[in-house]
Amino acid sequence: SYGLMNRTRLDENSGMLFIFQKEEKLSFWMKNTLIPLSIGFFDRNQRLVDIQEMVPLTEKNASYVSKKPALYALEMNKGWFEKNKIQIGSKFTFTENKD
């Protein structure tokens, strides 16, 4: 999967959600990712445990590792969590799309 690699823009409220098999410290890097991103790490209870700002075009030697174990990671435009007042401890829920 290429995720957000090689994209030149991301719509304001669009992002990419990663769902993992087990809760553990997660590590991300920005190879071939051209846009600055914020990443939120969520635990198994869907509670936000860490937010980090990721710099474009960084390689594995500049990994972004969650401070606590996480099951989900949400990549959004840089500053999205702060702009939307989403703070550590916030929770998300899955909703059914009725389109």
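The following legends describe close-up views of a predicted model.

Residues are numbered from 1 along each chain as its sequence is written. In this predicted model, local features need pLDDT of at least 70 and side-chain atom pairs count only at pLDDT 80 or more, whereas totals for chains, interfaces and linings use all residues; side-chain values use heavy atoms, with hydrogens and water left out.

View 1. A nonpolar core is a set of buried Ala, Val, Leu, Ile, Met, Phe, Trp, Tyr and Cys residues joined through side-chain atoms within 4.5 Å; buried denotes under 20% relative accessible area, exposed over 50% and partly exposed the range in between (1.4 Å probe, protein chains only). The largest core has 14 residues, of which Leu26, Phe28, Leu37, Ile39, Phe41, Met54 and Ala73 touch the most other members. Two or more residues are given to this core by each of strand 3 (37-42), strand 4 (48-54) and strand 6; strands (E, at least two residues) and helices (H or I, at least four) are DSSP runs numbered from the N terminus. Strand 3 supplies the largest share, 3 residues. A second, separate core comprises 9 residues, including Phe42, Tyr72, Leu74 and Trp80.

**View 2. Surroundings of Phe41.** Contact means heavy atoms within 4.5 Å. Not counting residues up to four places away in sequence, Phe41 touches several residues, among them Leu26, Phe28, Leu48, Val49, Tyr64, Tyr72 and Ala73. Arg47, Asp50 and Gln52 are also among the residues touched by Phe41.

**View 3. The buried acidic residue Glu75.** Glu75 lies in strand 6 (residues 70-77). Glu75 is buried yet has no salt bridge, and the nearest side chain of opposite charge, Arg7, is 8.7 Å away. Charges are assigned with Lys and Arg as positive and Asp and Glu as negative, His and the chain ends not being counted. Beyond its neighbours within four places in sequence, Glu75 is in contact with residues including Leu4, Met16, Phe18, Phe28, Leu37, Ile39 and Met54.

**View 4. Gln46 in the loop between strand 3 and strand 4**. Gln46 is buried, with a relative accessible area of 19%. Residues up to four places away in sequence aside, Gln46 touches Tyr72, Ser90, Lys91, Phe92, Thr93 and Phe94.

**View 5. Val65 in strand 5 (residues 64-65)**. Val65 is partly exposed, at 40% relative accessibility. Apart from neighbours within four places in sequence, the contacts of Val65 are Lys25, Leu26, Ser27, Asp50 and Gln52. The C-alpha atoms of Val65 and Asp50 are separated by 9.4 Å, the two residues being 15 apart along the chain.

**View 6. Salt bridges.** A salt bridge is a side-chain nitrogen of Lys or Arg within 4 Å of a carboxyl oxygen of Asp or Glu. The whole structure contains 4 salt bridges. The side chains of Glu12 and Lys83 form one of them, at 2.6 Å from N to O. Because Glu12 lies in the segment before strand 1 and Lys83 in helix 1 (residues 80-83), this pair ties together parts that are 71 residues apart in sequence. Lys83 is exposed, at 56% relative accessibility. Asp11 pairs with Arg9, the closest N and O atoms being 2.8 Å apart; Asp11 is partly exposed at 40% relative accessible area, and Arg9 is exposed at 56%. Lys22 and Glu24 meet in a further salt bridge at 4.0 Å, N to O.
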